[in-house]
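Let's take a walk through this one together, a stop at a time. Have the viewer open and follow along.

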Amino acid sequence: MPAISPDKPYRVGRSRTGLGLFATKPIKKGAKIVRYFGPLLDCRKKKDDAIENKYLFELNNRWTIDGSVRKNIARYINHACKPNAESDVSARKRKVVIRAIKNIEPGEEINYDYGTDYFKAYLKPIGCKCAACEKKRKKKRAEARAEKLRLKAKAEKKALKKAEKLAAKAREELAQKQKQKLKQAAKQRLNGARANGKLLNGHGGSAAAGQLSAAKSGIFVEPANTQGQEASASA
Ligand SMILES: [Zn+2]
């Protein structure tokens with residue numbers, strides 16, 4: 001790790017993406033933090049134009065700072081989509097200064113926006129890991145989880161409703177069957193009553209049998225009478 005004077009309000013430390021630059025003292029909004037420096041590359045020179053690394057800071061169409069040198073402490077500053085610092089570019093002076101755009105507290109990581117070209121080339125393919133993007137991702141994950149739970153609950157509710165409907169249908173069918181059974185039983189009873197009616201007729205029959213027995217007794221009586229007559233006759 002590079003040696004940094006203790007007078008400076010920053011130090012190099014571990015960040016979520018590797019190394020990063022962190023405030024060690026309060027840094028006021030607008031204050032210059034560190035200069036982004038390195039050899040100037042002239043794109044009109046073939047040798048310069050051939051240099052390729054991710055610390056190149058383009059000043060304009062012609063000039064680029066090669067910030068890959070170890071002494072360039074500013075190269076440790078990571079990109080953030082919602083940064084607390086910015087790169088203040090003076091193309092005329094061929095100079096870049098990283099400046100605070102917010103009050104920065106000790107311990108806070110210093111970030112600036114690397115710009116759209118860098119973002120598209122290096123960050124978008126792997127996914128930006130800045131605090132704002134992580135927060136966005138976390139929120140999205142939480143929303144996805146909530147949506148999943150919501151859909152699951154909905155499916156369960158639907159299944160429950162279906163089961164209830166089926167149960168109600170089954171109950172209805174059972175009730176219908178029982179009604180039919182009762183109806184049938186009632187019909188059978190009615191038929192039975194008719195049969196009883198016949199029995200009643202049978203009873204009538206037995207009454208007839210009584211009459212018959214009465215007739216029998218009549219028959220009996222008559223001979224008795226005759227007997228009586230006979231008796232009286234004999235008497
Ligand atoms: Zn980001």
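**A metal site, a pocket and a loop**

Start with two cysteines: C130 and C133 are both buried. Keep in mind as you look around that this is a predicted model.

What holds the zinc ion? C81, C128, C130 and C133 coordinate the zinc ion, each through its SG atom, at 2.3 Å. Along the chain, these donors follow the spacing C-x46-C-x1-C-x2-C. The arrangement is tetrahedral because the four donor atoms subtend angles of 103 to 114° around the zinc ion. For reference, the ideal angle for four tetrahedral donors is 109.5 degrees.

C81 turns up again in the second largest pocket, whose lining consists of C81, K82, A131, A132, K135, K136 and K139. That pocket has a volume of about 170 Å³. Sorted by class, its lining has three nonpolar and four charged residues, with no polar ones.

Where is R94 found? Look in the loop between β8 (85-90) and β9 (95-100). Is R94 buried, partly exposed or exposed? With a relative accessible area of 34%, R94 falls between the 20% and 50% cut-offs, so R94 counts as partly exposed.

Setting aside neighbours within four places in sequence, R94 is in contact with R35, L40, L59, W63 and I65. Check T64 as well: R94 and T64 are 30 residues apart in sequence, and their C-alpha atoms are 8.4 Å apart in space.

Notes. Residues numbered from 1 in each chain as written. Predicted model: local features only at pLDDT ≥ 70, side-chain atom pairs only at ≥ 80, totals over all residues. Heavy atoms only, no water. Donors = N, O, S within 2.8 Å, 3.2 Å for Na, K, Ca; no water. Tetrahedral: all angles 85-135°; square planar, octahedral: opposite > 155°, others 65-115°. Buried < 20%, exposed > 50% of the residue type's maximum accessible area, 1.4 Å probe, protein only. 1 Å grid on protein atoms, 1.4 Å probe; cavity = no way out; pocket = protein on both sides within 12 Å on 5 of 7 lines; lining within 4 Å. Points joined across faces, edges and corners; volume = space filled by probe spheres on them. Nonpolar A, V, L, I, M, F, W, Y, C, P; charged D, E, K, R; others polar. Helix = DSSP H or I, 4+ residues; strand = E, 2+ residues; numbered from the N terminus. Contact = heavy atoms within 4.5 Å.
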